[in-house]
Amino acid sequence: MFYPDLPQITSMEIGSFIKNYPENYIGKLFAKLFWPPPTVAVLAHGDNEDVLALNLDGSYRLHGGFMDKDEDLKESARREVREETGFEVEIIQLLDVEQN
């Protein structure tokens, strides 16, 4: 039903209102506080099946860290290995996805 005396609201105006509504900001803040950003870990091995790992205080760890904004999993994994070792790696497959 059409009501000519009421102002017409476009879908663009509705979208703008939803994007700028205060609850959106509160939701983003809440998410950052209680749900940390995604991370990656890389199990890198060489031609002789040797594994590349970090030796931190006598314990070995996989390379990895937080994903940057607008990065996909492969980009993030390659960047983390490059930052921590200086090596360039090729990401062949995804082994696992976990949720806390």
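**Reading a helix from the inside**

Mentor: Not counting residues up to four places away in sequence, S76 touches V40, F66, M67 and E71, where contact means heavy atoms within 4.5 Å. This is a predicted model, in which local features need pLDDT of at least 70 and side-chain atom pairs count only at pLDDT 80 or more, while totals for chains, interfaces and linings use all residues. Residues are numbered from 1 along each chain as its sequence is written, and side-chain values use heavy atoms, with hydrogens and water left out.

Trainee: Is S76 buried or exposed?

Mentor: Buried means under 20% relative accessible area, exposed over 50%, and partly exposed in between, using a 1.4 Å probe and protein chains only. S76 counts as buried because its relative accessibility is 0%.

Trainee: In which helix is the place of S76?

Mentor: Helices (H or I, at least four residues) and strands (E, at least two) are DSSP runs, numbered from the N terminus. S76 is in helix α3, and E80 also has its place in that helix, which covers residues 73–85.

Trainee: Which residues of α3 are buried, and what covers them?

Mentor: An α-helix has 3.6 residues a turn, so residues three or four places apart point the same way. In α3 the buried residues are S76, A77, R79, E80 and V81, and their cover includes β1 (39–42), β3 (51–52) and β6 (63–66). E80, with a relative accessible area of 6%, is buried, and, leaving aside its neighbours within four places in sequence, it is in contact with V40, G64, G65 and F66.

Trainee: What span should α3 have, and how far apart are its end C-alpha atoms?

Mentor: The expected span of a helix is 1.5 Å times one less than its number of residues. For the 13 residues of α3 this gives 18 Å, and the end C-alpha atoms are 18 Å apart, which agrees.

Trainee: What should I look for just after α3?

Mentor: There you will find G86, which takes a positive phi of about 90 degrees.

Trainee: How many helices and strands does the protein chain have, and what percentage of its residues count as buried?

Mentor: The secondary structure comes to three helices and six strands, and from the N terminus on the elements run α-α-β-β-β-β-β-β-α. Of the 100 residues of the protein chain, 13% count as buried.
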